[in-house]
Amino acid sequence: MNDAPGLGTAPTLHPDWFPEVAERTIDSRVPFVPRGHPGLATPLVYDVTERALRQREMNFAAKRLVDMAFVSKLDWADALARLRWRGVAPAGGLDAIPDASARKARLASAFAAGAIAITQDTSARAVRVVWTDPDFGAPVSGGATAPVGWGGIVTGGREPDPVTSSPIARAAPSGRLWPLGDDVPSAPATGAGLDCAVDHFLATSPGVYGVLVAAPDRILFERYGTGGAPVRVTPSWSMNKSMTGTLIGRLINLGWLDGVHIPAPAPAWRDPRGIHALITLDDLLRMRSGLAMACLGDNGPALGFEGAAVYFDAADAFAAAQANIVAVRPGAVFRYINAGINVLAAIIRDRIELHGLNYHETIYSLLPDILGMSSYRMSADIAGNLIGSGAAFATLRDWAKLAVLYLQDGMWNGERLLPEGWVDYALAATHGGTSYAATFWTNADRRFPALPPDAAWLSGASDQRVFILRDARRIVAVSNETDAKMDLAALNMVLAAAIAVT
């Protein structure tokens, strides 16, 4: 593995996909080149009034319930018991993370008092959540639906794009042995050390759906907690960022993109004179794009760095992401947001459609179906865009296949799917002050003492992860219920025991 490059230097990558990039300047003489689009994104002014915040809170609860009931297929009573209210706070600014704990407590109290009503429509695979508060005004109603073959779609009372009414055509599951297929023989005995570590972990982390340990060619250990099963898909949230980042690598390998150190070719950023032309694909992958939301609320204007609005709003997530303003110099500041990843997802859609291909089918056939991730599915927004930043679902067995691809340096069944050098690039943290790499997290801050600093992982809400341990040639995957507490010290003990398995 190459050493992580220093701040301000480009990673060492294969010359076929890392072309020399000329200095980027904004020149008034450059012609306007819209290619079917106005070229300059109209900035989005994000509504953070109290009514808008309550609307998002109701929408998110509805999405969580349709995901649990119709995607993960939990019993309705079980889904209701697992629901955790998510408060949505106003903007926090550049240096602050907004605190939504008081709003979360208020939601729980309102529900306990009967002020929030939840209704399920099994025939429509939909849920509606309504908050009636006479002191506030008219009731606030949120909604979501989960069409067959899709993750939950936030609707907020609107109808989603008709394309979501039919399942997406997918490759049939393979009967081959894992990881090439779905046949998983009984795992061999791994010894008391791992068994004891997992027992303790599950006892102290009751929201965990499952734990899996694998080598590149076989699954070594599986254990499932309450509600979990080998065939149950569970919400992975931001683990899907790593799939989106890997799809960028896939497009580079196919020659559909020229590399990561080029201006990001977002559909709404066509004009090279626009400030967004300073944002590279690398900036988006590494969360240092400088994008932010101009917010307007009851207390006036503010600057917001969006964390989860894409999961709360019945809106076109790709258009909203590209309409973020550039608040700080691209490349200068690390700020974890979903908007940048959804710009990448918009680029992926644009490249697919430029080749005359069906977007919804092709995004799966480009990578997930090649890897045999037959359980993997993404949520869409109301416009039919497949959300790149999160809200995807898969079994642990299928998420582990993506990690196998990285353990094999981008090779799969004898075929190169990712460019030479991509794995070193994607799993290396290069921005000072953060352990984030290119849609992956690393152990540079020694969060897990059992792992070396260059260990990397996919990461989603509630501490679920898929660890890629290249030195040990091991994968450790853990899924968890949204907003359930996980014992990370106990997880560290599981990692230590998993590395020791032979």
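Me: Where does Thr-155 lie?

Reply: Thr-155 lies in the loop between β5 (153-154) and α4, where strands (E, at least two residues) and helices (H or I, at least four) are DSSP runs, numbered from the N terminus. This is a predicted model, in which local features need pLDDT of at least 70 and side-chain atom pairs count only at pLDDT 80 or more, while totals for chains, interfaces and linings use all residues. Residues are numbered from 1 along each chain as its sequence is written, and side-chain values use heavy atoms, with hydrogens and water left out.

Me: Why is Thr-155 called buried?

Reply: Buried means under 20% relative accessible area, whereas exposed means over 50% and partly exposed lies in between (1.4 Å probe, protein chains only). Thr-155 has a relative accessible area of 6%, so the word buried applies.

Me: Which residues does Thr-155 contact, leaving aside its neighbours within four places in sequence?

Reply: Contact means heavy atoms within 4.5 Å, and on that basis Thr-155 is in contact with Gly-143, Ala-144, Thr-145, Pro-160, Ala-314 and Ile-382.

Me: Why is Thr-234 described as buried?

Reply: Thr-234, which lies in strand β8 (residues 234-237), has a relative accessible area of 5%, and therefore counts as buried. Not counting residues up to four places away in sequence, Thr-234 touches Ser-72, Tyr-209, Ala-392, Phe-393, Ala-394 and Ser-479.

Me: What makes α8 largely enclosed by the rest of the structure?

Reply: Of the 16 residues of α8, 14 are buried, so this helix is largely enclosed. Helix α8 (residues 339-354) is followed by Gly-356, whose phi is positive, near 75°.

Me: What does Asp-487 do at the N-terminal end of α12?

Reply: Asp-487 caps that end, with a side-chain oxygen 3.2 Å from the backbone nitrogen of Ala-489. A polar contact is a pair of N or O atoms within 3.5 Å; within protein, one must be able to donate a hydrogen and the other to accept it, and residues adjacent in sequence count only if both atoms are side-chain atoms.

Me: Which elements do the buried residues of α12 pack against?

Reply: They pack against α4 (192-204), β6 (208-215), β17 (465-469) and β18 (474-480). The buried residues of α12 include Ala-490, Leu-491 and Asn-492.
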